[in-house]
Amino acid sequence: MAKAVRFYEAGGPEVLRYEDVEVGDPGPGQVRIRHVAVGLNYADTYFRNGTYPIPLPNGIGVEAAGVVVALGEGVNNVAVGDRVTYTGFINTLGAYSTERLIPAAPLIKLPETIAFETAAAMTMRGLTSAYLMKKIHAFREGDSILLHAAAGGVGLIVSQWAKLLGLTVIGTVSSVAKAEVARAHGCDHVIDYSHEDVAQRVRQLTGGRGVDVVFDSVGKDTFMGSLDSLKRRGLLVCVGTASGTIPPFDPQLLAMKGSLYMTRPALADYIAEPQEKAALAEELFGLVGSGLIRIEINQHYALQDAVQAHRDLESRKTTGSSIFII
Ligand SMILES: NC(=O)c1ccc[n+]([C@@H]2O[C@H](COP(=O)([O-])OP(=O)(O)OC[C@H]3O[C@@H](n4cnc5c(N)ncnc54)[C@H](OP(=O)(O)O)[C@@H]3O)[C@@H](O)[C@H]2O)c1
């Protein structure tokens, strides 16, 4: 019998239930996939707690890697036996499962150089890092960035990628141990934002100028400090909201702080075009397959431990990527 984690009401980690499920045969445009590893992403907590509302009951998880075991009518982008990975948004919900049906469109074939576990740890975080590094801003060698939650899953990939582009990376973390992890993955400077003033330290580190771009995945708690860390006409990229959503503000604030730019991007809009998605995936697989970027899987869980996995992620216990092993 296949197993899946599902939830019936929005709430804390305890709403997640590990259950038997009937999978059935794939319909038109669908495949049946047997998972080997499943990604645990911060976005999963937003679905679970109702920040991203969805009809309930529902499955959870948007990213996994495995083997195609059956094809529905009209599927021609993958074959039975293919090693594949996927990520998405509502279209891929239900990844916390041993086997499932899924639309074929989001599937990406895995090269032999990429293990299932690595794929589950980086399809979401790595493609996100790819568009943040390649599509959001035309970086030039010597540019500087401020990267919040630098020891996290996205953080460790972005910091390594940024160093490959020749950027100066200032990372923020919440502990001494996380500072070590961030430094080991390319951060030139690390600020402990649990007790240091981020904007003040960034001004010191940049000779008063401020950074070119801030990648802020923390949201509510860091928003003002992020604006105050930018150079004139710098760019704030609101990547996520791990501490809560940013309260409404008057756009005049951006003028007062130096004619700043701001974007709140979503991966879905950077992989909507199949060619663009294929190019980002190829670049990511190339960098990881050749060892230029390391994917750190620092937490492994069984699917029945999803409640604990969510607790660990939300209580800031994790570094790097977390996955479920099936
Ligand atoms: N926009 C997109 O396309 C996109 C795609 C993927 C992911 N994301 C976003 O990227 C971010 C990172 O995702 P991830 O899966 O790699 O997670 P992660 O960074 O591994 O975990 C979140 C980290 O946020 C930091 N944090 C700061 N304040 C927090 C708080 N109040 N509660 C919990 N954590 C807090 C913690 O690091 P410290 O302890 O060091 O503070 C924590 O480890 C998330 O915000 C996610 O939503 C966005």
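An oxygen atom of the ligand sits 2.5 Å from an N or O atom in the side chain of S174. That is a polar contact, meaning a pair of N or O atoms within 3.5 Å. The model is predicted, so local features need pLDDT of at least 70, side-chain atom pairs count only at pLDDT 80 or more, and totals for chains, interfaces and linings use all residues. Residues are numbered from 1 along each chain as its sequence is written, and side-chain values use heavy atoms, without hydrogens and water.

A backbone N or O atom of P265 is 2.9 Å from a nitrogen atom of the ligand. The side chain of R264 places an N or O atom 3.3 Å from a ligand nitrogen. On its own, the ligand has 920 Å² of accessible area, and the protein covers 93% of this (Shrake-Rupley method, 1.4 Å probe).

Now look at the shell. There are 31 residues around the ligand, and Y131, S174, K178, Y193 and R316 come nearest (a residue counts if one of its heavy atoms lies within 4 Å). Domain 1 (2–124 + 268–325) and domain 2 (137–264) each give at least three residues to the shell; the bounds come from an automatic or database domain assignment. Helix α2 gives the most, with 4 residues (helices are DSSP runs of H or I, at least four residues; strands are runs of E, at least two; both are numbered from the N terminus).

Finally, turn to two strands. β15 (residues 297–301) and β16 (residues 321–325) pair in the parallel sense over 4 bridges (pairing takes at least two DSSP bridges). Q299 has S322 in β16 as its bridge partner.

Note on methods
A polar contact is a pair of N or O atoms within 3.5 Å; within protein, one must be able to donate a hydrogen and the other to accept it, and residues adjacent in sequence count only if both atoms are side-chain atoms.
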